[in-house]
Amino acid sequence: MTYTDDYKRLAEKLTTKGISVDDVKAKLKAQHIETPSWGYGNGGTRFKVFAWQGAARNIWDKIEDAAYIHKLTGIAPSMAIHIPWDKVDDYAALGQKAKAAGISIGAVNPNFFQDDQYKLGSLTNPSATVREEALAHMLECVEVMSKVGSDLLSLWFADGTNYAGQDSIPRRKRDLEAGLIETHKHLPPGSRMLIEYKFFEPAFYHTDLADWGMAYAMALKCGPQAQVLVDTGHHAQGTNIAHIVSFLLDEGRLGGFHFNARRYADDDLIVGTNNPFELFEIYCELVQAGEGAKDVAYMIDQSHNIEPKLEAMLVSVVNCQVAYAKSLIVDMTKLRQMQAAGDVLGAQQVYVDAYETDVRPLLMQVREEMGVPVDPMAFYRGDGYAKKVAEARGINLSAGSAIQ
Ligand code: PSV
Ligand code: MN
């Protein structure tokens with residue numbers, strides 16, 4: 001028996017509930033998960049960066065790897081870049097190279113956490129000279145967007161302080177606001193800037209954009225092209241991320257995600273591994289927002305330490321697909337009935353029914369129809385790509401290394 005029989009049974013069950021299988025499949029085929037360039041190079045913790053045989057050495061290798069993940073899944077057609085990690089002389093050539101490989105360049109991320117001058121902050125630095133340098137880097141990245149054909153500027157600031165009284169928090173807030181507003185003025189029409197928050201690390205007393213409310217306030221001050229980016233690893237324990245997602249969607253200010261999994265802090269683990277129900281909850285809010293979620297950018301933000309690079313990325317993309325599929329088969333008619341009746345557990349059971357459904361046969365059918373491997377992991381393991389790049393690229397610690 002192949003997956004086809006299981007798929008047929010599931011399709012019948014969904015049809016009985018009034019769920020259109022064609023609609024579900026169409027949505028799954030249109031799913032778009034962006035992978036990060038920094039996920040293909042060597043990555044590690046502040047303790048150690050383990051070199052990986054075949055890890056991408058430069059942006060060209062990263063494009064090759066991202067294109068391979070897209071070939072395996074059909075739903076990862078773009079790759080985010082980080083400047084200056086991925087700096088090149090000719091950005092138009094970079095965009096063309098990506099296109100030739102079958103993908104596009106997605107979000108452009110300026111980097112404000114590696115250069116010495118940003119020790120005390122970037123746009124919030126006590127020195128006006130450093131603040132100007134930070135702004136110049138932002139505007140450089142806006143130009144990069146146009147050259148590579150990207151419509152997303154993705155902003156994360158490592159800015160903060162380590163001790164109470166170290167710096168004036170309101171002064172920093174106003175300087176940050178001024179820099180963001182200025183950047184917003186330079187955005188190409190139709191593009192967006194996404195403001196990411198994180199409650200701690202590398203700063204340990206305060207972070208200038210510590211939570212979604214601060215990022216949202218900044219987005220409102222900047223204007224309509226500014227939205228909030230939710231990185232699932234950037235919250236305190238117990239935070240209800242699905243609620244934040246729902247609120248921002250309703251306000252029209254949810255710009256995108258950085259997906260990863262965490263147990264303790266910003267652990268950068270494979271999406272949907274130790275928090276699969278949380279990922280499902282998030283996707284349920286997105287699905288239920290309908291058109292309100294149409295512009296949300298789904299990006300993975302992971303830098304693996306001990307995991308094989310390509311497999312880790314592949315599993316991450318597939319786990320997003322699984323969570324999305326489960327959220328698409330929630331019986332909305334029944335859910336609304338239960339909610340209206342105030343049936344607490346009846347409503348919750350509708351979610352559980354969808355979550356407990358084995359969607360793998362459905363995904364296999366979708367992949368078959370898309371012309372990609374029905375079992376991407378099995379295909380990957382039987383394919384020679386990893387061996388090929390291991391031989392061609394060898395082992396190289398300095399190349400593409402990122403300590404996060
Ligand atoms: C910071 O922890 C972060 O989540 C930001 O998105 C960075 O751009 C990314 O990780 C890579 O360091
Ligand atoms: Mn992030």
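1. The manganese ion (ligand 2) has six donor atoms around it, and because these subtend angles of 71 to 168° the arrangement counts as octahedral (six donors with opposite ones over 155 degrees apart and all others between 65 and 115). The protein donors are E196 (OE), D231 (OD), H258 (ND1) and D301 (OD), lying 2.1 to 2.2 Å from the ion, where donors are N, O and S atoms within 2.8 Å of the metal (3.2 Å for Na, K and Ca), and water is not among the atoms, so sites may look incomplete.

2. This is a predicted model, in which local features need pLDDT of at least 70 and side-chain atom pairs count only at pLDDT 80 or more, whereas totals for chains, interfaces and linings use all residues. Residues are numbered from 1 along each chain as its sequence is written, chains are lettered from A and ligands numbered from 1 in the order in which they are written, and side-chain values use heavy atoms, with hydrogens and water left out.

3. Along the chain, the donors of the manganese ion (ligand 2) follow the spacing E-x34-D-x26-H-x42-D.

4. An oxygen atom of ligand 1 is 2.8 Å from an N or O atom in the side chain of E196, and an oxygen atom of ligand 1 is 3.2 Å from an N or O atom in the side chain of H258. Taken alone, ligand 1 exposes 310 Å², of which the protein buries 95% (areas from the Shrake-Rupley method with a 1.4 Å probe).

5. The backbone has some features to check. A cis peptide bond joins E201 and P202, with omega about 10°, and E201, a residue other than glycine, has a positive phi near 80°. E201 is in the loop between strand 7 and strand 8 and is partly exposed at 26% relative accessibility. A further cis peptide bond joins I83 and P84, with omega about 20°. D268 has a positive phi near 60° and is buried, with a relative accessible area of 7%.

Note on methods:
A polar contact is a pair of N or O atoms within 3.5 Å; within protein, one must be able to donate a hydrogen and the other to accept it, and residues adjacent in sequence count only if both atoms are side-chain atoms. Four donors count as tetrahedral if all angles lie between 85 and 135 degrees; four count as square planar and six as octahedral if opposite donors are over 155 degrees apart and all others between 65 and 115; anything else is irregular. Helices (H or I, at least four residues) and strands (E, at least two) are DSSP runs, numbered from the N terminus. Buried means under 20% relative accessible area, exposed over 50%, partly exposed in between (1.4 Å probe, protein chains only).
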